[in-house]
Amino acid sequence: MKETVKFGLDFVKLENHYLLPRVTSIVLTQSLYDILFQYVITPEKEARLKEFIALLEAHIKSKSKTPFSIPAAELVFIGEGLQELKLLNWMEVPVAEFNVRLEEGSEDSPEEMEQVLELLEEMLTFKRKGNSNSIYVYPGKIVS
């Protein structure tokens, strides 16, 4: 058995996210764009909506086992469109952000970070925040 890299989890913050319902398809996501389009009245907001829809489509196509969520603060631009999301069974849930800290000397090792993330996948439901060392950890009662 391979020795596990020593690591720590540093709590960063707890924030509300909108969580995509489990039964979602690309077709539903594209119709979501049509529904939310009425709430974006500037080119900047339309561009942000297109980015949001692209993230959704990429997540669905990836067939990831982790939930798709987005911080509520990032969706404020759709205003009343947030009510539409709730009508489509999107839930607002608290999601914890943690920073994964590798032991000293390991910070520059992507292989060791992957090893730690693989171990965490066996214990937690989480999604990595981009390519950073931060992860979003989802409440067990929501994803089980």
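# Exercises on a predicted fold

Both Phe52 and Phe68 are buried, where buried means under 20% relative accessible area, exposed over 50% and partly exposed in between, with a 1.4 Å probe and protein chains only. The model is predicted, so local features need pLDDT of at least 70 and side-chain atom pairs count only at pLDDT 80 or more, while totals for chains, interfaces and linings use all residues. Residues are numbered from 1 along each chain as its sequence is written, and side-chain values use heavy atoms, with hydrogens and water left out.

## Exercise 1: the overall plan

Work out how many helices and strands the protein has, and in what order they run.

*Solution.* 
- Step 1. Helices are DSSP runs of H or I with at least four residues, and strands are runs of E with at least two, numbered from the N terminus.
- Step 2. Counting them gives five helices and five strands.
- Step 3. Of the 144 residues in the protein, 40% are buried.
- Step 4. Now look at contacts (heavy atoms within 4.5 Å). Take those between residues at least 6 apart in sequence: 73% of them join residues at least 24 apart.

## Exercise 2: an aromatic cluster

Find which aromatic residues form one cluster with Phe68.

*Solution.* 
- Step 1. Rings of Phe, Tyr and Trp (its six-membered ring) pair if their centres lie within 6.5 Å; planes under 30 degrees apart are stacked, over 60 edge-to-face and the rest tilted.
- Step 2. Searching the whole structure turns up four aromatic pairs.
- Step 3. One of these is Phe52 with Phe68, a tilted pair at 6.4 Å centre to centre with 45° between the planes. This pair links distant parts of the chain, since Phe52 sits in helix H2 and Phe68 in the loop between H2 and S2, 16 residues apart.
- Step 4. Phe68 also pairs with Trp90, edge-to-face this time, with 6.4 Å between centres and 90° between planes. Here too distant parts are linked: Phe68 is in the loop between H2 and S2, whereas Trp90 is in the loop between helix H3 (81–87) and S3, 22 residues away.
- Step 5. Like Phe68, Trp90 is buried.
- Step 6. Put together, Phe52, Phe68 and Trp90 make one aromatic cluster.

## Exercise 3: Ile70 and its surroundings

Explain why Ile70 counts as buried, and list its contacts beyond its neighbours within four places in sequence.

*Solution.* 
- Step 1. Locate Ile70: you will find it in strand S2.
- Step 2. Ile70 counts as buried because its relative accessibility is 6%.
- Step 3. With neighbours within four places set aside, Ile70 is in contact with His17, Tyr18, Phe52 and Leu75.

## Exercise 4: helix H4

Compare the span of helix H4 with the expected one, then say which of its residues are buried and what covers them.

*Solution.* 
- Step 1. H4 covers residues 110–121, which is 12 residues.
- Step 2. The expected span is 1.5 Å times one less than the number of residues.
- Step 3. From first C-alpha to last, H4 reaches 16 Å, close to the expected 16 Å.
- Step 4. Its buried residues are Met113, Gln115, Val116, Leu117 and Leu120.
- Step 5. As a reminder, an α-helix has 3.6 residues a turn, so residues three or four places apart point the same way.
- Step 6. The cover over the buried residues of H4 includes strands S1 (7–19), S3 (91–102), S4 and S5 (134–137).
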